[in-house]
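Here's a friendly walk through one protein model, piece by piece. Keep the structure open while you read.

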Amino acid sequence: MDYFSEYFKYVGDSEAPMIFHRWCALSTISSMIGREVFLPFGHKPIFPNQYTLLLGAPGTRKSSAIGIARTVLEKAGYKTFAKDRTSKERFFMDMARRADFDEMDLEALVLDAPSEVLVANGEFLDFIGQGNMDFLTALTNLWDNLDKYEHPKLHGKSVVIDKPTINILGGATVKGLGMAIPPEDLGTGILSRLLMIHADMTEHKITFPAPAKEDAADQIVDTLQKI
C-alpha cells in the first residue's frame, strides 16, 4: 500500500473529517524529512516544512486527528515537539534544545546542526497566545528556513540558531483564529504561510471507538522511517 492508505488504515474508523487526517499525514512526512530533501527553486531551495491549521467548529475532532499524527511521529522516533504553550523567548530556547540554558554563563548559544521543531497543538491559540504580533512575525520569518536566525539577548545571552526548521500542525475554530491573528496582523505575511484546512463536522458518530491496530501502527512507522 502507499503511505496514505497505510496511514488511513492506522486511523481506522474516525469521527474526524478525512481531509484532516490527510493533512496530518502530510505533516508527519514533512516533520520527519526536515531538511533532508529540498526542491531547487531559483536562488533558494524550497524545503517541505508546512504551517497547517485545521479549521472547524468546536467538536470537529481537530485535536483527535492531530493527536493521531503526533502518536505516529512518536512511534517513529521523532522527539522535537514544541511545548503546548510557550512564549517567543522560551520557544527559541527550546529550539536550542538546552534545558540548562538559564543556568549557562556563555555569551552566546550557537548550534552547528539544523534545529527542527514541530508545533502539534489542537488549540493553536493556546500555543501562540492572543494577538502576539512579535511571535507571529518571528514565525513568518522562520517559515523560510533561514540558514541562521539570531535573536539578541535572551536573559542576557544572545542566541544563534543554525538552520531553524519549523512545522506547525494546529487546530482552531474561526473565532480562535481571529483571536490568535487579529486584523492588525493580517498584513504581516503570516496568512501567506498558513495552509488553512476547513471542514464541517461529520455526522459519523462512534460511541465506543476501537483501539488502534498494532500491526497497522508498525507498518506506518516502518514506512515513515523509510521515507
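Contact here means heavy atoms within 4.5 Å. Helices (H or I, at least four residues) and strands (E, at least two) are DSSP runs, numbered from the N terminus. Before going on, know that this is a predicted model: local features need pLDDT of at least 70, side-chain atom pairs count only at pLDDT 80 or more, and totals for chains, interfaces and linings use all residues. Residues are numbered from 1 along each chain as its sequence is written, and side-chain values use heavy atoms, with hydrogens and water left out.

Which residues of helix 1 are buried? In this helix, residues 3-11, they are Tyr3, Glu6, Tyr7, Phe8, Tyr10 and Val11. Buried means under 20% relative accessible area, exposed means over 50%, and partly exposed is in between (1.4 Å probe, protein chains only). At the start of helix 1, aspartate 2 has a side-chain oxygen that reaches to within 3.2 Å of the backbone nitrogen of phenylalanine 4. After helix 1 comes glycine 12, with a positive phi near 70 degrees.

## Where helix 1 meets helix 2

The axes of helix 1 and helix 2 come within 10 Å and cross at roughly 120 degrees. That makes helix 1 oblique to helix 2. For the angle words, under 35 degrees counts as roughly parallel, over 145 as roughly antiparallel, 65 to 115 as roughly perpendicular and the rest as oblique. Axes are lines fitted to C-alpha atoms, for helices over the stretch in contact, and angles run from 0 to 180 degrees between N-to-C directions.

Now for an open sheet of four strands, which has the order 3-6-1-7 and parallel pairing. Two strands pair if DSSP finds at least two bridges between them. Strand 3 (115-121) and strand 7 (194-198) stand at the edges with a single partner strand each, so one side of each has no neighbour in the sheet. On average, neighbouring strands of this sheet are turned by 10 degrees against each other, direction ignored.

Strand 6 (residues 164-172) pairs with strand 3 in the parallel sense over seven bridges. Within that pairing, valine 117 has isoleucine 166 as its bridge partner, and serine 115 stands opposite proline 164. Helix 3 (residues 62-75) packs on the sheet and touches strand 1 (51-55), strand 3 and strand 6, with a direction about 145 degrees from that of strand 6. Strand 6 also pairs with strand 1, in the parallel sense, over five bridges; there, tyrosine 51 stands opposite isoleucine 168.

How many residues of strand 6 are buried? Nine of its nine residues are. In a regular strand the side chains alternate between the two faces of the sheet. Here, Pro164, Ile166, Ile168, Gly170 and Ala172 are buried on one side, and Thr165, Asn167, Leu169 and Gly171 are buried on the other.

Is asparagine 145 buried or exposed? Asparagine 145 is buried, with a relative accessible area of 3%, and sits in the loop between helix 6 (133-142) and strand 4 (148-154). Its side chain makes a polar contact with the side chain of asparagine 49 (2.5 Å). A polar contact is a pair of N or O atoms within 3.5 Å; within protein, one must be able to donate a hydrogen and the other to accept it, and residues adjacent in sequence count only if both atoms are side-chain atoms.

Aspartate 84 and glycine 77 are found in the loop between helix 3 and helix 4 (88-95). Aspartate 84 is partly exposed at 45% relative accessible area, and glycine 77 is partly exposed at 43%. Leaving out residues up to four places away in sequence, aspartate 84 touches Arg70, Ala120, Asn121, Asp126 and Phe127. Glycine 77 lies 8.5 Å from glutamine 225, C-alpha to C-alpha, although they are 148 residues apart in sequence.
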